[in-house]
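User: Hi! Could you walk me through this structure? I'd like to go topic by topic.

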Amino acid sequence: MSRKVADINPEVLSLFDAYSWPGNIRELEGVISHAVLLAEEGEILPHHLPKNLRTPQAAPLPLADATASANPNAGERFVLCFPCFPMGTTLKEIEKSAILTTLARKNGNRSKTAKTLGIHRRTLHKKLRDYNAQRN
């Protein structure tokens, strides 16, 4: 393409992280090509992405069996895709991804997110504050 993109908005990168990419690299290439065509000011923004990528997926992500057995009262079960994380991804990065993905799937409801993850709401609030501090 003859268009140049100078930047990708951090929110777009978060959406990319949260999406499961069932079409793998071909789907990613298509999404990026489409977004580049729509990016008027040289930056890819969330509204340049397809709607299905901007909204949480309908089917909940299941948590690993270890998490389910540690939290037997959890009404939902999620599976984290460890092969989806690049080699060298830290446990903190995986934890952050699990928290932010669950929060998105719970439409921002922190109480439901904490309950699903089996952590106290105050712990969730502290972790979210830490993530925001890391971005700034």
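Analyst: Happy to. One term before we start: a contact here means heavy atoms within 4.5 Å. Also, keep in mind that this is a predicted model.

User: How far does helix 5 reach from its first C-alpha to its last?

Analyst: Helix 5 covers residues 91-105, 15 residues in total, and reaches 21 Å. That is close to the 21 Å expected at 1.5 Å a residue.

User: What follows helix 5?

Analyst: N107 does, and its phi is positive, near 55 degrees. N107 has that positive phi although it is not a glycine. You'll find N107 in the loop between helix 5 and helix 6, and at 67% relative accessibility N107 counts as exposed.

User: Let me zoom out a bit. How many helices and strands are there in the chain?

Analyst: Seven helices and two strands. From the N terminus on, the order is β-α-α-β-α-α-α-α-α. Of the 136 residues in the chain, 26% are buried.

User: Now the confidence. What pLDDT does the chain average?

Analyst: The average is 75, and 73% of the residues score at least 70.

User: Over which residues is the pLDDT below 50?

Analyst: Over residues 58-75. In the model that stretch has 28 contacts beyond near neighbours in sequence. Where pLDDT is low, the predicted coordinates should not be read in detail.

User: Noted, I'll treat those with care. Which residues make up the largest nonpolar core?

Analyst: There are 12 of them: V12, L15, F16, Y19, W21, V31, A35, V36, A39, I44, L49 and L53. Helix 1 (10-18) and helix 2 (24-38) are the elements that give two or more residues to this core. Another core, of seven residues, lies apart from it, and includes L103, A114, L128 and Y131.

User: Back to helix 1, then. Which of its residues are buried?

Analyst: V12, L15 and F16. Seen down the helix axis, the buried residues of helix 1 fall within an arc of 100 degrees, so they line one face of the helix. An α-helix has 3.6 residues a turn, so residues three or four places apart point the same way.

User: What do the buried residues of helix 1 pack against?

Analyst: Strand 1 (7-8), helix 2, strand 2 (43-44) and helix 3 (51-54). On the face turned away from the buried side, helix 1 carries the exposed residues P10 and D17.

User: Last topic, electrostatics. How many salt bridges does the structure hold?

Analyst: Two. In one of them, the side chains of K127 and E95 meet, with an N to O distance of 3.2 Å. K127 lies in helix 7 (residues 121-135) and E95 in helix 5, so this pair ties together parts that are 32 residues apart in sequence.

User: How exposed is that pair?

Analyst: K127 is partly exposed at 21% relative accessibility, and E95 is partly exposed with a relative accessible area of 33%.

User: Which residue forms a salt bridge with D130?

Analyst: K126, with the closest N and O atoms 2.9 Å apart. Both D130 and K126 lie in helix 7, four residues apart, about one turn of the helix. D130 counts as partly exposed at 33% relative accessibility, and K126 counts as partly exposed at 46%.

User: Great, thanks for the tour!

Definitions and conventions: Residues are numbered from 1 along each chain as its sequence is written. This is a predicted model: local features need pLDDT of at least 70, side-chain atom pairs count only at pLDDT 80 or more; totals for chains, interfaces and linings use all residues. Side-chain values use heavy atoms; hydrogens and water are left out. pLDDT is the predictor's confidence in each residue, from 0 to 100. A nonpolar core is a set of buried Ala, Val, Leu, Ile, Met, Phe, Trp, Tyr and Cys residues joined through side-chain atoms within 4.5 Å. Buried means under 20% relative accessible area, exposed over 50%, partly exposed in between (1.4 Å probe, protein chains only). The expected span of a helix is 1.5 Å times one less than its number of residues. A salt bridge is a side-chain nitrogen of Lys or Arg within 4 Å of a carboxyl oxygen of Asp or Glu. The arc is that of the directions from the helix axis to the C-beta atoms.
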